[in-house]
Amino acid sequence: CSAGIPFDGGLRCLCWKILLNYLPLEKALWSSLLKKQRDLYSQFLKEMIIQPGIAKANLGVSREDVTLEDHPLNPNPDSRWNTYFKDNEVLLQIDKDVRRLYPDMAFFQRPTDYPCLLILDPQNEFETLRKRVEQTTLKSQTVARNRSGVTNVSSPLKTSPNSLSEYEVLPNGCEAHWEVVERILFIYAKLNPGIAYVQGMNEIVGPLYYTFATDPNSEWKEHAEADTFFCFTNLMAEIRDNFIKSLDDSQCGITYKMEKVYSTLKEKDVELYLKLQEQNIKPQFFAFRWLTLLLSQEFLLPDVIRIWDSLFADDKRFDFLLLVCCAMLTLIRDQLLEGDFTLNMRLLQDYPISDVHLILKKAKELQDSK
């Protein structure tokens, strides 16, 4: 796996599931485990998306539900309505981010071959995430319009000001891949209230889901949503500390890891280390994004996937990630040694080398030279 998993035959999909501890090493247990986890995921959908939707539909219709105890203005933090509104805030943030996933690729905008029947059942009267977002967005747009008297709705995508193209929904019964990613993140946020959703998690779900949903094996493809959810949850269990602000300066937090990139660089290439120090180029200027998002923003998606093969295959995966970051620095050392602050910042924030094999090879050399 470390040397790159071949695409054919659904191998990567299988290997990642094993490397991310979703599937056990014991092959005989696979089918029962997959069935159990996929059923569990359906249960999450029912409890966290379908039931609140039904409850909301009912609250508007039958008077008996609108009791004194629970109504939309109930200030009690345990109120179901209160939870519903709080969830909507998280949902809108997720929605904004997932619509922007890999804008240069059509994949996430395309309809999936296996839309979630639980949610897209034409008999449904309840409110889906899609409807929730539309209603909440429309409300906030009206507010914006009334406040400023201008009808311009700023669009998260870089489109013409009046374009609402990202709100063009696919016909009934279809859903786009980004909507599936939105569901995965929403359920993760509900099940992990301590961290909920932090911007950037969408960039970690993206490559996982893409890998599973484009697999040649149709069973992997059909269950891409549930399988991605559990693999993402396992991966987040290892890197979630990077997303928790209060841990930033602790030994497990992101600041410590960024400093580690520099201390490793100092061991491997002291001249380059001193140059960056002298120019006051701090690791948080570039390594924060490299480490938190596992390099998913620095390369094209197929290259990110290739890096992740090596990353997931390493039993000390995040030590290896630090070495990949060091390799990226040493491979452009000549340019960095010559450049001034502005030039070097540009190099680091828009990394110039696209050959990931070269970077991984260099990282391996650094690893072996310990």
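Select helix 6 (residues 177-191): its 15 residues reach 22 Å from first C-alpha to last, close to the 21 Å expected at 1.5 Å a residue. That expected span is 1.5 Å times one less than the number of residues. Helices here are DSSP runs of H or I with at least four residues, strands are runs of E with at least two, and both are numbered from the N terminus.

The model is predicted: local features need pLDDT of at least 70, side-chain atom pairs count only at pLDDT 80 or more, and totals for chains, interfaces and linings use all residues. Residues are numbered from 1 along each chain as its sequence is written, and side-chain values use heavy atoms, with hydrogens and water left out.

Of its 15 residues, 13 are buried, so helix 6 is largely enclosed by the rest of the structure. Buried means under 20% relative accessible area, exposed over 50%, and partly exposed in between (1.4 Å probe, protein chains only).

Next, go to R38 in helix 2 (residues 30-61). R38 is buried, at 9% relative accessible area. Its side chain makes a polar contact with the side chain of E219 at 2.7 Å; such a contact is a pair of N or O atoms within 3.5 Å, where within protein one must be able to donate a hydrogen and the other to accept it, and residues adjacent in sequence count only if both atoms are side-chain atoms. Leaving aside residues up to four places away in sequence, R38 touches E219, W220, H223, A226 and D227, contact meaning heavy atoms within 4.5 Å.

Finally, zoom out to the whole protein. It has 17 helices and 0 strands, and 47% of its 370 residues are buried.
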